Amino acid sequence: MTPSHRLLLVNGPNLNLLGTREPEVYGHETLEDVERLVTATAAQSGFEVRAVQSNHEGVLIDAIHAAREDCTGIVINPGGLTHTSVVLRDALSGVALPVAEVHISDISRREPFRQHSYVADVALVHVMGEGVQGYASAVERLIDVIAGQADG
Ligand code: CA2
C-alpha cells in the first residue's frame, strides 16, 4: 500500500467510553464500531486506515507527527481537547496534511465552552451533529479533497 492510500483516524480523550454512557448525546455505537465504519468507508476508495485513540495528549501528538511519514490525511475527533488544546492544533498545522474534524454531537448547540474549537481553522472538512455516521461523511469528504489536490 502506498503512502497516498492511508488515513490516520484520531480519537481523543474519553472516546474509548463511547457506547457505555450518555447514549442520548453520543449514541450506542462503540469506538470499535467507529473504527470499523471508518475503515470500511475508506476502503471503498482504496484507502487503508491507521486508528489511534488515547487519553493522553502527547500520544496523540506523536501519532500525528508520525503520519507525516505515510499518511495523506487525518480524520480527528479531538474530544474535549477540541476546546482547550493549542498544542494539538499546532501538531495538526505542523504536519500540513489535510484534516477532517468530526464531532458526534453538534458542539455549536451545546454549552458555551464547547462552542469554540482550536482545531476548526486548521481543518478543511468539518462534520458535527451527525452522530457516529458523521465519521463516514468526513472520510468521504476528506478523500474528495485529497483527490482534488492530486488532480490539481
Ligand atoms: O461530540 C463530540 O464528538 C465531542 O468531541 C465529544 C467529546 C466532547 O468533549 C466534545 O465537546 C464533543 C467528549 C467525548 C466523551 O465521550 C464520551 C462518550 C460516552 C461516555 C462518556 C464520554
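## A residue in the β1–α1 loop

N14 is located in the loop that connects β1 with α1 (23-26); helices (H or I, at least four residues) and strands (E, at least two) are DSSP runs numbered from the N terminus. The model is predicted: local features need pLDDT of at least 70, side-chain atom pairs count only at pLDDT 80 or more, and totals for chains, interfaces and linings use all residues. Residues are numbered from 1 along each chain as its sequence is written, and side-chain values use heavy atoms, with hydrogens and water left out.

Although N14 is not a glycine, its phi is positive, at about 75°. N14 is exposed, with a relative accessible area of 53%; buried means under 20%, exposed over 50% and partly exposed in between (1.4 Å probe, protein chains only). The loop between β1 and α1 also holds E22, another non-glycine residue with a positive phi, of about 50°. E22 counts as partly exposed, at 30% relative accessibility.

## The ligand and its surroundings

The ligand has 16 residues around it, of which N77, H83, I104, S105 and R114 come nearest; a residue is near a molecule if one of its heavy atoms lies within 4 Å of it. The shell comprises six nonpolar, seven polar and three charged residues. In this division, Ala, Val, Leu, Ile, Met, Phe, Trp, Tyr, Cys and Pro count as nonpolar, Asp, Glu, Lys and Arg as charged, and the others, Gly among them, as polar.

## Two buried polar residues

S85 belongs to the loop between β3 (73-77) and α4 (86-95), and is buried at a relative accessible area of 1%. Its side chain makes a polar contact of 2.6 Å with that of E57; such a contact is a pair of N or O atoms within 3.5 Å, where within protein one must be able to donate a hydrogen and the other to accept it, and residues adjacent in sequence count only if both atoms are side-chain atoms. A polar side-chain atom of S85 also lies 2.9 Å from the backbone nitrogen of L88.

R6 is part of strand β1 (residues 6-11). With 11% relative accessibility, R6 is buried as well. A polar atom of the R6 side chain is 2.8 Å from the backbone oxygen of D70.
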